[in-house]
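This briefing concerns a protein model and the way its parts meet. Please consult the sequence and structure below before reading the points.

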Amino acid sequence: MLDKFGIAKRIAKEVKNGYYVNLGIGIPTLVANFVRTDIEVEFQSENGILGMGPFPFEGEEDADLINAGKQTITALPGASYFDSATSFSMIRGQHVDLTILGAMEVSEDGDIANWKIPGRMVKGMGGAMDLVASADNIIVAMMHTNKAGASKLLKHCSLPLTGVRCVKKIVTNLAVLDVTKDGFKLLERAPNVSIEQIKAATDGRLVIEGEIPEMI
Amino acid sequence: MITKTVNSIQEALEGVSDGMTLLLGGFGLCGIPENAISELVRLGVKDLTCISNNAGVDDFGLGLLLQNRQIKKMVASYVGENDEFERQMLSGELEVELIPQGTLAERCRAAQAGFPAFYTPAGFGTEVAEGKETRAFDGKMYVLEQAVKADFSIVKAWKGDTSGNLIFKGTARNFNPNMCGAANITIAEVEELVPAGELDPNQIHIPGIFVQRIVQGSNYEKRIEQRTTRPQP
């Protein structure tokens with residue numbers, strides 16, 4: 001079974017040379033730490049930076065330089081700053097190659113819910129609705145089940161949707177799955193996780209064809 | 001040259017009154033018009049509709065106006081860092097409209113650019129699209145969103161000149177340029193106000209035509225919301 005760092009590490013393998021990548025808040029942010037250093041990748045943060053670098057050294061924080069999670073960051077050589085409309089032109093115009101974000105629920109059709117729990121939590125969608133409605137290549141990073149142990153891979157989402165039929169791939173603490181027209185297609189198992197465990201933790205349709213390898 | 005300078009933040013906010021709709025720049029606490037927010041608190045104008053990406057934190061930014069019960073309605077994309085906001089929203093004291101961040105930016109830009117509305121894929125199939133016109137283009141569904149309408153737009157820039165030309169710094173740019181010229185009157189507060197001619201025209205982010213009043217700001221706190229660092233090597 002993977003922890004959040006393991007999930008981030010596995011997703012980092014999906015980041016290819018030449019990609020512009022938008023990372024959501026939470027586990028997705030960790031992905032940047034595991035991307036191969038021999039490829040050229042630029043991270044976009046929707047508040048207005050392309051070429052985002054690591055956190056600043058202590059004492060070098062700049063209040064005018066943050067990411068979408070409001071964390072202080074740095075800019076790498078070749079970085080650029082821009083306004084919010086330009087930022088979402090990059091996203092909506094499909095110039096960003098890969099979007100990685102967290103979710104509360106994903107349905108077998110690729111619907112995603114991650115912005116609101118009616119009556120309990122309303123933080124807002126931020127840029128998530130623009131990202132999921134526009135991106136061709138969306139990977140969801142999340143735990144397979146919620147804190148109560150209920151599956152987050154469902155037939156239909158029960159929470160208010162962020163987007164419809166948009167998620168392509170899911171990496172959880174248990175598995176890597178593609179969203180296909182037939183449902184969640186199991187591609188890889190996390191280390192020491194059995195197919196039975198994955199079946200038990202998945203409420204939506206699960207497609208299992210042939211041998212399912214353990215993640216490398 | 002047309003002079004846009006006003007001598008004080010009081011003068012800059014002249015005409016702002018109860019019940020008005022205000023656009024306010026900033027992302028989190030980054031690039032917010034601190035001086036204007038303080039002056040709005042001092043003025044005590046109420047029943048405001050505030051359109052801004054976020055709602056500040058409990059004791060800074062738009063949180064100050066919330067504490068004072070000056071906001072009737074908040075239009076934002078993300079409001080996660082503010083307990084007082086959540087309390088007022090759940091108790092029904094505060095009206096809230098949450099809209100996708102890119103849609104908010106584009107609704108501002110549309111107002112600035114004279115477009116009444118535009119189609120965006122964001123929010124299709126969600127509650128954001130409820131009651132809105134939808135339409136297919138090349139087999140993909142889009143939602144019709146309208147330009148914002150506001151009485152005042154209040155932005156913050158790094159440098160500006162007496163003609164109203166603006167230059168922003170880092171990610172403090174965010175919504176500020178998009179909100180310039182998106183309301184009846186645009187007010188810009190700047191960290192450094194210089195005479196016209198001192199800024200390189202090649203480096204101007206927002207031309208002065210989009211700005212009606214510019215004022216030298218003071219005492220910027222520039223509070224950091226999430227101070228994240230790595231150890232010195």
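The notes that follow treat the interface and then strand pairing.

The model is predicted: local features need pLDDT of at least 70, side-chain atom pairs count only at pLDDT 80 or more, and totals for chains, interfaces and linings use all residues. Residues are numbered from 1 along each chain as written, chains are lettered from A in the order in which they are written, and side-chain values use heavy atoms, with hydrogens and water left out.

**Interface of chain A and chain B**

- Chain A contributes 48 residues to the contact and chain B contributes 51 residues, contact meaning heavy atoms within 4.5 Å.
- About 4,200 Å² is buried between the two chains, with 57% of it on carbon and sulfur atoms; buried area is the accessible area (1.4 Å probe) lost on being put together, summed over both parts.
- Five salt bridges are found across the interface, a salt bridge being a side-chain nitrogen of Lys or Arg within 4 Å of a carboxyl oxygen of Asp or Glu.
- Lys222(B) and Asp64(A) form a salt bridge through their side chains, at 2.5 Å from N to O.
- On the side of chain A that touches chain B, α3 (84-92) and α4 (128-134) of chain A each supply at least two residues; helices here are DSSP runs (H or I) of at least four residues, and strands (E) of at least two.

**Strand pairing in chain B**

- Strands β5 (residues 117-120) and β7 (residues 140-146) of chain B pair antiparallel over four bridges, where pairing requires at least two DSSP bridges.
- Within this pair, Tyr119(B) lies opposite Leu144(B).
- Strand β6 (residues 134-137) of chain B is joined to β7(B) by four bridges, also in the antiparallel sense, and Phe137(B) stands opposite Lys140(B).
- The hairpin of β6(B) and β7(B) has two residues between the strands, and Asp138(B) there takes a positive phi near 50 degrees.
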